[in-house]
Amino acid sequence: MIGYSCIACAETQPAEYDGFLCPACGNNLDILYDYAAAAEAFPRQLGSSPVDIFDFAELLPVFRKTPFPLRIGATPLYAAPRLGESAGLANLYLKDESCNPSASIKDRASAIALQRALETGAGVVAVASTGNAGSSTACLAAALGLGAVVFVPESAPVPKLTQLLSYGARVLAVRGSYDDAFELCLAASEEFGWFNRSTGHNPFTREGKKTCTYEIWQALGGELPDRIVVAVGDGNIISGIWKGCRDLHAAGLIERMPRIDAAQSESSAAISRTVHKLRQDKSDTRDWTSVEIDEVEAHTVADSIAVNRPRDGIAAVKAVIESGGEAVTVPDSEILEAIPQMSRLTGVFPEPAAAAPLAAVKRMRADKSIDVDESVVCIVSGSGLKDVGRAAEIVGNPIIIEPSLEAVRKCLR
Ligand SMILES: Cc1ncc(COP(=O)(O)O)c(C=O)c1O
Ligand SMILES: [Zn+2]
């Protein structure tokens, strides 16, 4: 790590800078590296599987001498031929992030952010979350012996809240939206001197999520697919996935960049709307400091991507625009349908947000914005067990029978 650069105005800060936002314009920061070390070290990673994300030390902003107490990352990339066939694609893959310790991709970000918290001597980590970033922070804080304070909207699904409480975090369920929880966490972190891990605002979160791209590159033998499809709320996962591509390119490890597609609910489409708005304007140069991310009133069944005001919005919009990807919105009904479709054809059970990329892929095939032979990786960002209530809305409940063979026979008829 050699410093920071502002996502919007590109002003740089030295590595010793200890703020989270650009002092010039207030936007989020991006971490800069010396790519020469990675160019040498990374090819050695090909042909092996990573132990965890700390294997990619040359392109991480933190350093760990001892193994991290939980295995972060090193998740499987599955070929999904039957799901691909049903979605109209010959080369579909799923990156199964539910295999992380707290069952979502958020553990990648939390590991890097909490390692940074340790390096700065922080004792308490705070986070605002729709649920997963919180349960991830609580999980890793428990493993590392740090305190965790988590701000969630009171409507967060019960499994996520129970997970948080089980890990021993102090859980503050805010009467209001995720956005209200975010503002409160900011103010409280300032007031009480907590290390704020909140998504996007904390530049270390993107650095964790980018390791997902490195693993895809490694699993595909040193290449990236034609497309990576990502569910988008705050926009930090998608900006992390794109950062991973930019890193590999800067280190000379890939020549061809993938397109990064954003999958959003029609009822929470801040990033998609902004991408479509900006694409109307065909000018070659763009002043990102003057770009306004659309605000929405989000209310989707996919609670993890219900965000009014995306906290890594500029970086997310840049990921789609710079990569030439699509910003797709789908109705909630298609997100719910994608849950059993993925589960039945692959054995991977996604939460609603994690099913959104599949719903988006089907849309893109239907409107012919992607070809049948493009290779596509859908990021399955969280486990279906995170929100069984929503899955039950589409798969229903089992038939209850008497304990007799006759009853079984009747059901089989
Ligand atoms: C399972 C899952 N998928 C997708 C997202 C969206 O990520 P982001 O808010 O960084 O866009 C989240 C965020 O909470 C999530 O938990
Ligand atoms: Zn700036």
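Okay, quick housekeeping. Residues are numbered from 1 along each chain as its sequence is written, and chains are lettered from A and ligands numbered from 1 in the order in which they are written. Since the model is predicted, local features need pLDDT of at least 70, side-chain atom pairs count only at pLDDT 80 or more, and totals for chains, interfaces and linings use all residues.

So, the big picture. The chain has 15 helices and 13 strands; those are DSSP runs, helices being H or I with at least four residues and strands E with at least two, numbered from the N terminus. Its radius of gyration, taken over C-alpha atoms, is 21 Å.

Now helix H11, residues 313-323. Here 9 of the 11 residues are buried, so the helix is largely enclosed by the rest of the structure. Buried means 20 or more other C-beta atoms, placed from the backbone, within 10 Å of the residue's own. Among those buried are Gly313, Lys318 and Ser323.

Last stop, ligand 1. How many residues surround it? There are 20, and the closest include Asn132 and Asp234; near means a C-beta atom, placed from the backbone, within 6 Å. Helices H4, H9 and H13 each supply at least two residues of that shell.

Technical notes: Buried ≥ 20, exposed ≤ 12 C-beta atoms within 10 Å, placed from the backbone. Rg over C-alpha atoms; globule rule 2.2 N^0.38 Å.
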